[in-house]
Each structure stands twice: as C-alpha cells, then as structure tokens.
Amino acid sequence: MGKDFKSMVTRCIYVGKENGNAKKLKTMTEELRDLHNNVMKRVKMYEDQQKLKRLEKVQVWLRQSDAAIKEAEEMLMMYVSSSSFSNGSTVMISSSHKVDKKICKMLKEVQEIKSRGTFDVVVENSGVVVGGGSMMVSTVDRDDQTVGLEAVSGLVWRCLTVDNTGIIGLYGVEGVGKTTVLTQVNNRLLQHKSNGFDFVIWVFVSKNLNLEKIQDTIREKIGFLDRSWTSKTEEERAGKIFEILSKKRFALFLDDVWEKVDLVKAGVPSPDGQNRSKIVFTTCSDEVCREMGTQTKIKMEKLPWERAWDLFKKNAGEETVKSHPDITKVAQEVAAKCEGLPLALVTIGRAMASKKTPQEWRDALYILSNSPPNFSVLKLLDRN
C-alpha cells in the first residue's frame, strides 16, 4: 500500500512538471512563429519589390520552422486532450508521461531552430558588384524598389554619419515602407565593412514586447555565447550586454516597435557624442517616438495619387492597363484601394499583371473592397 502511494505521489509530481514543459513549449512556439513571420516578411519584401531570390539556408530554415510550429501545435493539442481525460489512473498518467517526453523533445527542437533564425541577409546579394577591393551597391530596378522611400533612406543614412543625433525614429502607418527603409540602411552598413561600427544589430520587436528575447538577440550578435547566459537574471544579462557594448560603437535597428523599449533594462548604452553609437527604430506611433527619447523623428507619408498611380501602372504593366477601356477605369479603382502605400501598390500591381480581362479586374476590385490589401488577399488575386 505504501509503495503504491509513493508511486502515485511520484507520478503526480511528474504531471505537475509536464504542465510546466507544455507552457514552455507554448511560449517558445509563439516566439518561433513571430520570428518566422518576421523573416518571411523580409524575404517577401525583397522578392516582391526587388525580384531577388531568397538564400537557400533561409528557405531551409523557413521550411523547418514552419514544420516545427505545426508539429508543436498538434502536440500541445494532444497534451490538452490527454490532460482533459486524465482521471489519475495509472494508464492515463502513463499515457500523459509519454506525451510529456515528446513535449520535452519538441521543446529542444523548437529552441534549436529558433536559435538559428537570425539572418543579417535573407536574399542572394545579386546587386553587389566587387571591384578594386571595395564594395559598391548596384540597385535592381532602382526607381521601382524605393519610389517615395529613397529620400527617407538617404536621410537615415546621413543621421548615422553625424554625431548630434543618436536615436532615430521612423514612424507612419503600416505598409508605408518603414521596414523597407530600415532594411536598406541595415544592409548598406553590412555591405560596407569599413562603416565605423563594431556591431550592426537587427532586432524584430513585434507587438508582444519581450525584453528577454531582445537581450538574447543582442548577445548573439555581440558574440557572447557563454552557456551560463540562460541561468542569469535580467539584470545580470543587462550588465553583461552593457559591459560589451559600452566599449564599442554599435548600430542597433529595432523593427516594429509598438511600445517603449526600456533600453536601460536591456543593457543598451545610450548613444552620445562620445560613443557615436546609433539606435534606429520603426513604429506606427508618434507617441512611441517621444517615449523612446528620439532625437530625430522621420514621418513616412503615403504617396500622392499621381505617383501612386504611376507606380501601380509600372508594376501591372502599361499594356495591360490600357488593353481595354474598362480595365483602365477599374485599374484606377484598384490602385486607389492601395491607399498610397508603396508595398501594396507594388505587390498588388504585380499580382494584376497577368489579368487580361475586365471581369478579372472587377473580381479583384470586389476582393479588395471587402478586405485590406495583405498576403491573404494576394493569394485570392492569384487564384482569380
């Protein structure tokens, strides 16, 4: 009797551990999904706007992360199911124990894939020409890729070269091209090895602010690979990051900031005239710019109608747009649905390039009238 009771207590303790592992897997899977979406967002931007090909290692990682996310979600559903029907019997606990072993294994796999998901470059660098020992960037279809954005990109670049501005905020509505500009500046720095910065760090922040995730990305970039990292407190991790960055000149790019990121708590030294470091971030909110202590604020505007219409026609094709009087009229309405957003004008314009009949254009207008322009809408346009 005593032996059976001891066995039952041991199993109950184990079930408690199972719950903890399931929670860890759920959290880690959500973080992997955020990272996967960010990488895919960058890849699609280059593919749609610059017609560049994604790197094979990036494609492999995207495939692996997508498969791992689906498998983890199925496993968590199985765990919830087994927990719901568990009545404390030896058979049910044994079954739950088997599920937990799988969860532990899956947790390690998700962690491993997530650790490989930081890419400085996601596409083949076909626009770089090497000559005379230096690197010169040759853009692809220059007017098309940065219409309305090139001036902003140049302004951010100039901010990186002067000493009186340390924190730069890019703000504007979603789809106006903030991430495009930030990526261009980031890649330009990476391509110019003699840029004067010891570290160029890219962090995707997203709506669910996670300081630990930010610290983890930074420590990978600065080369702190000590195994003791995971056992350190937030303050200890901040101290180690500060210790390294305070002795170096760094450029920190924070993409998709929804609320104030406490850089002091993260361990990031404040940029000043002495360290000449820079922090550049993107956000939809002017208020976030103020809260972040921005010294240079750059508002990104939508394109005026004439430039928006020209960009749309260029991507849909002048011949296609003018092939039928009804198409021309509907095409203007479709372009108007893009609301002056460069990314939408380029991607939807290209999606419509193969549509040769007025009815196909009317179908597209109907879809856009009922949904905002996004990747799901683009899939519908491709099918019609």
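In which sense, left-handed or right-handed, does α11 pass α14?

1. This is a predicted model, in which local features need pLDDT of at least 70 and side-chain atom pairs count only at pLDDT 80 or more, whereas totals for chains, interfaces and linings use all residues. Residues are numbered from 1 along each chain as its sequence is written, and side-chain values use heavy atoms, with hydrogens and water left out.

2. Helix α11 (residues 305-316) and helix α14 (residues 342-351) pack with their axes 7 Å apart and at an angle of about 30°, the axes being lines fitted to C-alpha atoms over the stretch in contact and the angles running from 0 to 180 degrees between N-to-C directions. That makes α11 roughly parallel to α14, a label given to angles under 35 degrees. As for the opening question, α11 passes α14 in a right-handed crossing, meaning that the near helix is turned clockwise from the far one by less than a right angle.

3. On the α11 side the contact (heavy atoms within 4.5 Å) is made by Ala-308, Leu-311, Phe-312, Asn-315 and Ala-316. Leaving aside neighbours within four places in sequence, Phe-312 is in contact with residues including Leu-345, Ile-348, Gly-349 and Trp-361.

4. Phe-312, Phe-253 and Trp-361 touch the most other members of the largest nonpolar core, which has 46 residues; such a core is a set of buried (under 20% relative accessible area, 1.4 Å probe, protein chains only) Ala, Val, Leu, Ile, Met, Phe, Trp, Tyr and Cys residues joined through side-chain atoms within 4.5 Å. Of the 384 residues of the protein chain, 46% count as buried.

Notes
Buried means under 20% relative accessible area, exposed over 50%, partly exposed in between (1.4 Å probe, protein chains only). Helices (H or I, at least four residues) and strands (E, at least two) are DSSP runs, numbered from the N terminus. Angles under 35 degrees count as roughly parallel, over 145 as roughly antiparallel, 65 to 115 as roughly perpendicular and the rest as oblique.
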